[in-house]
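Student: Could you go through this model with me? I'd like to start with a loop and then move on to the rest.

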Protein chains: 2
Amino acid sequence: MPELRKDPITGRWVIIAPDRAKRPTDFDASTARPAESFCPFCEGNELASAAEIVAYRNHGSVPNGPGWRVRTVPNKFPALKVEGQFESRGVGMYDVMEGIGAHEVILDCPHHESRFASLPANQIREVLWMYHDRLVDLKRDRRLIHPLVFKNEGHLAGASLEHCHSQLIVTPVVPIQVQEEMRGAKDFFGWRGRCIYCDMIREETQAGDRIVMESPNFVVFCPFAARFPFETWIVPKKHMSHYETVQEADVDELAHVLKSALLKLRQSLDDPPYNYILHTSPFDTYELKSYHWHIEIIPRLTGVAGFEWGSGFYINSVPPEDAAEFMRQIEI
Amino acid sequence: MPELRKDPITGRWVIIAPDRAKRPTDFDASTARPAESFCPFCEGNELASAAEIVAYRNHGSVPNGPGWRVRTVPNKFPALKVEGQFESRGVGMYDVMEGIGAHEVILDCPHHESRFASLPANQIREVLWMYHDRLVDLKRDRRLIHPLVFKNEGHLAGASLEHCHSQLIVTPVVPIQVQEEMRGAKDFFGWRGRCIYCDMIREETQAGDRIVMESPNFVVFCPFAARFPFETWIVPKKHMSHYETVQEADVDELAHVLKSALLKLRQSLDDPPYNYILHTSPFDTYELKSYHWHIEIIPRLTGVAGFEWGSGFYINSVPPEDAAEFMRQIEI
């Protein structure tokens, strides 16, 4: 059973998930990967994954068979498990919690495609709508507090299978970085009476030099204090704290914007591995004036980040203004 | 000129150092590296690096010539620069500071060796003593606030040259992760009246299952809430908040302990790339009862960390008890 452990110094929770464990001797720092001959995520191979939780299916198809467009299954090696009671206990001076939560995999497309940005916008739209549907559903479980929706694309970004997929982890605690973000935004709101993200949208569209692109309802920019070269955020112009409150029209537009942003990154950095993470509010909060959902895209450029990973101190060699200018000039 | 930018939401400072910049098109996510034919860090090639700041030299040798044992030079591509005034200004809604600070490279040995753990303990002792000497010296500059001493070993850990070297960055602000650590430790002290690291040493030596090794004055263990597989900490048993107050006897012993810990990691994980980071108190504090210097070693196992990098949420597939047991059983 996985467990959540709290760092007694910083308060950071960590998932210790030995079910996912390799044996210590199995670690290999090389980046070589075996060629994939069989893909468990491809249409027709449904039985290779666990029984589906939900899928968008064509008329006449049946669960766990072909005929789906987007399909959500439990992670085969879950970091957290849905069964069990929410229970915290002490171990010596430390705090531990049972590793309750959800860990799902969203198969973004039925055919074998390894680049999310290559999918038609209409397919991306369905994936984004699946995020919405899963959050709405999981929110009903009162033990679950915070949803993390993310994508790892490319081996160096942590993807273990190349077929496009997204992941969803819902934790029974609020992760420390989310806590910090929300606390910072709340402090700003307390002082100014405005959402800091709304202020950033105004600032960025006015300054213009960090803007990558704009659509009627979204703005894409490289943040002023970008931690990583070509770090890119997608922020809805309309204030909304919870992603699960998006409307279909928002998602239609977001699909085009996300695809374009990823295509620009792909062309700028020669098809980099990347992660994107949906930043949204915890389930146990209700319409927050101080927080604003958004997507952060982080290309993983080998050799750029060194000790930052362990120290929280970032050195970025590409000013966000330069990255944004470069991406602005790329025609999609 | 590099600059420090503050994330307006979290308060995190980031160094934007365009002097280090590659052009956007120069990024390459592949891990292939050109073979190194010429090593600027080897004895005899002193002129390939900037003029030395200080070196431990054999009798009769002269600065910037051969005959040194450990040698400190300015980083050729510094993330921060010593020249300039400490000056903060606003840019729209954001805060910027001139990128003042120090960025030095410590050449750990004169001959070409790529594995720090392979150096004799006596050589490691001199490197650890160099850390001490540099901190004592840099502390006299009142503009400099926080020292980060670290080592990247292996390309995947961010090392750009393979010849063993350490780095030292001194920033004019306290990095956010250090702030969090110190705040957590201070809160604990405020509540219990004890140093949390001293408590952890007691807890760990009593529990025993996360101990990797012990020496008279140091304890090496995998922390309870380890973020990474085989994350390993070296903590002095004696309470000391500032590394620069170590005595020669401490450093003699630490050299043996650090070498052994790294050898155990090397054997456990088949020579992994790794980072280690010296956690010590900011220069502008005086003997803190709540903080305790220590070294954190993080092996960089490809494919293990995914979105954690960007979200601050860690999933560790190897319980620290298993990692510690594995390392305990390795005979050095």
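Student: Where is B:Asp271 found?

Tutor: B:Asp271 is found in the loop between α4 (248–268) and β13 (274–279) of chain B, where helices (H or I, at least four residues) and strands (E, at least two) are DSSP runs, numbered from the N terminus. This is a predicted model, in which local features need pLDDT of at least 70 and side-chain atom pairs count only at pLDDT 80 or more, while totals for chains, interfaces and linings use all residues. Residues are numbered from 1 along each chain as its sequence is written, and chains are lettered from A and ligands numbered from 1 in the order in which they are written.

Student: What is phi of B:Asp271?

Tutor: Phi of B:Asp271 is near 60 degrees, which is a positive value in a residue other than glycine. Most residues other than glycine have a negative phi.

Student: And is B:Phe230 buried or exposed?

Tutor: B:Phe230 is buried, with 28 other C-beta atoms within 10 Å, whereas B:Asp271 has 16 C-beta neighbours inside 10 Å and counts as partly exposed. The cut-offs are 20 or more other C-beta atoms within 10 Å for buried, 12 or fewer for exposed, and partly exposed in between, with C-beta atoms placed from the backbone. B:Phe230 has a positive phi of about 70 degrees although it is not a glycine, and is found in the loop between β11 (218–221) and β12 (232–236) of chain B.

Student: How many residues of chain A are in contact with chain B?

Tutor: 77 residues of chain A are in contact with 77 residues of chain B, contact meaning that the C-beta atoms of two residues, placed from the backbone, lie within 7 Å. Helix α2 (residues 176–192) of chain A gives the largest share of the side of chain A that touches chain B, namely six residues.

Student: How are the two chains related by a turn?

Tutor: Chain A can be laid on chain B with an RMSD of 0.0 Å by a turn of 180 degrees and a shift of 0.0 Å along the axis, the copies being superposed by least squares on the C-alpha atoms of residues with pLDDT of at least 70 in both. That is the relation of a two-fold axis. The same surface serves both copies, as 99% of the contact residues of chain A recur in chain B.

Student: Last topic: which residues touch the most other members of the largest nonpolar core?

Tutor: Among them are A:Ile15, A:Ile234 and A:Ala261, in a core of 184 residues. A nonpolar core is a set of buried Ala, Val, Leu, Ile, Met, Phe, Trp, Tyr and Cys residues joined through C-beta atoms within 7 Å. Not counting residues up to four places away in sequence, A:Ala261 touches A:Val212, A:Met213, A:Val220, A:Thr232, A:Ile234 and A:Ile297.
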